[in-house]
Amino acid sequence: MLRVEGRIANHDREFDGAIEIDTDTGLIQSVGPCTGQSDLDLSGYIIFPGFGDIHIHAREDAGGSQTYKEDFTTISAAAIHGGVVQVADMPNNPVAPIDDASYSVKEQLTEKSAVTITLYAGIGPQTRPLNRHVPYKAFMGPSVGDLFFSSKQQLEDVIANYSGRNVSFHCEDPVILEANKHATLHELKRPASAEISATEFALYLIEKYELIGKLCHYSTRDGLPLIAAAKARGVKVTCEATPHHLFFDTTMITPENRQWLQMNPPLRGAEDRVALIAALKSGLVDYVATDHAPHTLDEKMAGASGVPHLDTLGAFATWLMAEHNFSTADIARVFSYNPGRFVREFLPGNLGNGFGSIEPGYVGSLTVLDPKKPYLVTRESVKTKCGWSPFEGYTLPGSVRYTVIRGRVY
Ligand SMILES: [Zn+2]
């Protein structure tokens with residue numbers, strides 16, 4: 001049994017309480033009043049339900065050709081360092097999980113990880129739904145990997161087979177990307193219009209084929225009203241935002257950091273960033289999800305798109321609290337509760353009610369933040385195998401004090 005007491009922040013209330021976690025089952029056994037008896041001194045800290053990150057790229061597959069930059073062991077270390085207890089891994093591997101057999105092979109590789117890993121299955125031009133119940137990811141246009149479509153009709157023809165399934169979309173219209181491929185700067189090659197056009201099409205597919213839809217790493221202000229309107233008319237769609245689109249914008253790009261800050265979709269203008277923060281706070285954007293994309297420093301110098309974030313996610317949450325007045329309930333909603341709801345139906349049966357709330361029957365995994373101890377991000381401090389962070393040199397206002405995984409304290 002692990003017993004901890006302190007200030008507890010769920011998505012619907014904040015209170016002083018004691019949590020008892022059964023270390024055999026890994027589940028929360030009780031939540032009750034404080035008695036002064038605790039296995040850890042958590043005074044001054046905030047205890048959140050363990051954070052979930054439902055969009056990462058851990059790079060490990062059956063072929064192992066990309067494990068020089070990350071694998072399911074190092075991703076777990078980076079996640080725990082950042083206060084993250086469960087992640088969902090994207091399928092754009094060289095050996096992609098696209099059917100029952102390839103999905104099971106990849107799933108076995110995740111067993112060495114301390115954090116719980118849910119796998120997306122890929123949707124590509126030749127794929128069909130799995131027999132198992134899993135979440136899917138569709139890449140509309142070329143990004144990183146081979147799973148993408150060259151036309152909207154080709155995508156719709158395939159999506160028609162996935163009616164009723166849980167499908168996440170990377171929204172960049174391949175036709176607009178193609179038309180802008182000779183532009184001078186990365187953000188001009190992949191303009192906001194590509195995301196907006198793809199959003200319209202993704203919402204059309206989600207509605208027509210009654211998908212449980214999700215829009216990944218959302219970045220443009222002008223697309224947000226489309227999502228709001230779809231939600232208002234009952235379309236089952238949710239939406240992610242990344243730390244980089246919430247923290248950085250194109251006014252912060254310099255010749256020195258330009259290559260580090262390259263990702264797909266690219267950074268947008270300051271007005272987009274401000275709108276995204278407001279949408280996250282209001283609930284229009286449902287999750288902070290990192291799109292953790294570990295590339296080596298050499299690969300970044302050679303133009304690879306994507307940035308790593310797992311190590312810094314807990315500290316990033318304290319930045320939203322300190323700089324943008326996010327309440328502890330807001331933080332619990334977008335980092336814990338909503339990500340927990342997303343993965344719940346895909347989890348193995350021994351994880352009780354799953355992740356996202358500090359209540360009996362939920363997984364006994366916690367993220368304990370110290371909102372007052374700053375974290376100066378350095379290359380040496382991160383656990384991701386790729387060994388760098390886009391936040392290097394920045395001081396985030398708070399830090400992760402403990403990560404608890406199913407009753408075990410890290
Ligand atoms: Zn991604």
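The protein, given here as a predicted model, contains twelve helices and 18 strands. For its 410 residues a compact globule would have a radius of gyration near 22 Å, and the value of 20 Å computed for the protein agrees with that.

**Overall dimensions and packing**

- Along its principal axes, the C-alpha trace of the protein spans about 65 × 50 × 45 Å.
- Of the 410 residues, 60% count as buried, while the accessible surface of the protein comes to about 15,300 Å², with 50% of that area belonging to carbon and sulfur atoms.
- When contacts between residues at least 6 apart in sequence are considered, 74% of them join residues at least 24 apart.

**The zinc site**

- The zinc ion is coordinated by the NE2 atoms of His55 and His57 and by an OD atom of Asp291, at 2.0 to 2.1 Å.
- In sequence these donor residues follow the spacing H-x1-H-x233-D, and the pair His55 and Asp291, 236 residues apart, links distant parts of the chain.
- His55 belongs to strand β5 (residues 51–56), whereas Asp291 sits in the loop between β13 (287–288) and α10 (297–301).

**Helix α3**

- Within helix α3 (residues 152–159), the residues Leu155, Glu156, Val158 and Ile159 are buried.
- Viewed down the axis of α3, its buried residues lie within an arc of 165°, and they therefore line one face of the helix.
- An α-helix has 3.6 residues a turn, so residues three or four places apart point the same way.
- The partners against which the buried residues of α3 pack are the strands β8 (121–123), β9 (136–139) and β10 (166–170), together with helix α6 (192–208).

**Nonpolar cores**

- The largest nonpolar core has 102 residues, of which Phe169, Leu215 and Phe335 touch the most other members.
- Helix α11 (residues 313–324) gives the most to this core, contributing seven residues.
- Leaving aside neighbours within four places in sequence, Phe335 is in contact with Gly50, Phe51, Gly52, Val288, Leu313, Phe316, Ala317 and Leu320.

Terms used:
Residues numbered from 1 in each chain as written. Predicted model: local features only at pLDDT ≥ 70, side-chain atom pairs only at ≥ 80, totals over all residues. Heavy atoms only, no water. Donors = N, O, S within 2.8 Å, 3.2 Å for Na, K, Ca; no water. Helix = DSSP H or I, 4+ residues; strand = E, 2+ residues; numbered from the N terminus. Buried < 20%, exposed > 50% of the residue type's maximum accessible area, 1.4 Å probe, protein only. Arc of directions from axis to C-beta. Contact = heavy atoms within 4.5 Å. Core = buried A, V, L, I, M, F, W, Y, C linked by side-chain atoms within 4.5 Å. Rg over C-alpha atoms; globule rule 2.2 N^0.38 Å. Areas by Shrake-Rupley, 256 points an atom, 1.4 Å probe, with all protein chains shown as cover.
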